Amino acid sequence: MKIEKLTKREQDVMEILWHAHHQMSASEIQEESDDVSIYTIQQVLHRLLNREYIRVSGYGQSVKVIMRYYEPVVTEADYI
């Protein structure tokens, strides 16, 4: 897998995932980010999934919403 340079927003999301040390949902990532909308987070997660930087590690349910949990595939050390 070729490691490509991330955009600022992609790197921000990856840093949240790297430092969490556990799987996270889009809404949890949004809570940790600096005033970024959930729609922006979802777009970034979609790009990172397509580039294989992250993977869907599970599914959960919150009230009536089914959500995906994400975890990094590329480590912070590999990216640097």
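Q: In this predicted model, which residues is Glu-10 in contact with, leaving aside its neighbours within four places in sequence?
A: Glu-10 is in contact with Val-44, Arg-47, Leu-48 and Arg-51. Contact here means heavy atoms within 4.5 Å.

Q: Where does Glu-10 lie?
A: Glu-10 lies in helix α1, which covers residues 8-20.

Q: Why does Glu-10 count as buried?
A: The relative accessibility of Glu-10 is 2%. Buried means under 20%. Glu-10 therefore counts as buried.

Q: What makes Leu-6 buried?
A: Leu-6 has a relative accessible area of 4%. The cut-off for buried is under 20%, so Leu-6 is buried. Leu-6 is found in the segment before α1.

Q: Which residues does Leu-6 touch, not counting residues up to four places away in sequence?
A: Leu-6 touches Gln-11, Met-14, Leu-48, Arg-51, Tyr-53 and Tyr-79.

Q: How far apart are the C-alpha atoms of Leu-6 and Ala-26?
A: They are separated by 18 Å. Along the chain, Leu-6 and Ala-26 are 20 residues apart.

Q: How many helices and strands does the protein have?
A: The protein has four helices and three strands. Along the sequence they follow the pattern α-β-α-α-β-β-α.

Q: Why is the protein called as compact as a globular protein of its length?
A: Its radius of gyration is 12 Å. The globule rule gives 12 Å for 80 residues. The two values are close, so the protein is as compact as a globular protein of that length.

Q: What does the C-alpha trace span along its principal axes?
A: The trace spans about 40 × 25 × 20 Å.

Q: What share of the 80 residues counts as buried?
A: The share is 34%.

Q: Among contacts between residues at least 6 apart in sequence, what share joins residues at least 24 apart?
A: Such contacts make up 52%.

Q: What is the accessible surface of the protein, and what part belongs to carbon and sulfur atoms?
A: The accessible surface comes to about 5500 Å². Carbon and sulfur atoms account for 47% of that surface.

Q: How many side chains are positive and how many are negative?
A: There are 9 positive and 13 negative side chains. The centres of the two sets lie 7 Å apart.

Q: Why does Ser-25 count as buried?
A: Ser-25 has 1% relative accessibility. Buried requires under 20%, so Ser-25 counts as buried. Its place is in strand β1, residues 24-25. Leaving aside neighbours within four places in sequence, Ser-25 is in contact with Met-67, Arg-68 and Tyr-69.

Q: What makes Gly-60 buried?
A: Gly-60 has a relative accessible area of 17%. The limit is under 20%, so Gly-60 is buried. Gly-60 sits in strand β2, residues 54-62.

Q: Which residues does Gly-60 touch, not counting residues up to four places away in sequence?
A: Gly-60 touches Val-65, Ile-66, Met-67 and Tyr-69. From Gly-60 to Ser-25, C-alpha to C-alpha, is 8.8 Å. In sequence these two are 35 residues apart.

Q: How many aromatic pairs does the structure hold?
A: The structure holds one aromatic pair. Trp-18 and Tyr-79 form that pair, 6.0 Å centre to centre. Ring centres must lie within 6.5 Å to pair.

Q: Why is the pair of Trp-18 and Tyr-79 called tilted?
A: The planes are 35° apart. Stacked means under 30 degrees and edge-to-face means over 60, so the rest count as tilted.

Q: What makes the pair a link between distant parts of the chain?
A: Trp-18 is in helix α1, while Tyr-79 is in helix α4, residues 76-79. The two are 61 residues apart.

Q: How do you know that Trp-18 and Tyr-79 are buried?
A: Trp-18 has a relative accessible area of 9%. For Tyr-79 the value is 16%. Buried means under 20%, so Trp-18 is buried, and so is Tyr-79.

Q: Is His-21 buried or exposed?
A: His-21 is exposed, because its relative accessible area is 73% and exposed means over 50%. His-21 is in the loop between α1 and β1.

Definitions and conventions: Residues are numbered from 1 along each chain as its sequence is written. This is a predicted model: local features need pLDDT of at least 70, side-chain atom pairs count only at pLDDT 80 or more; totals for chains, interfaces and linings use all residues. Side-chain values use heavy atoms; hydrogens and water are left out. The radius of gyration is taken over C-alpha atoms; the globule rule is 2.2 Å times the number of residues to the power 0.38. Buried means under 20% relative accessible area, exposed over 50%, partly exposed in between (1.4 Å probe, protein chains only). Accessible areas come from the Shrake-Rupley method with a 1.4 Å probe; for residues, only the protein chains shown count as cover. Lys and Arg count as positive and Asp and Glu as negative; His and the chain ends are not counted. The place of a charge is taken as NZ of Lys, CZ of Arg, CG of Asp or CD of Glu.
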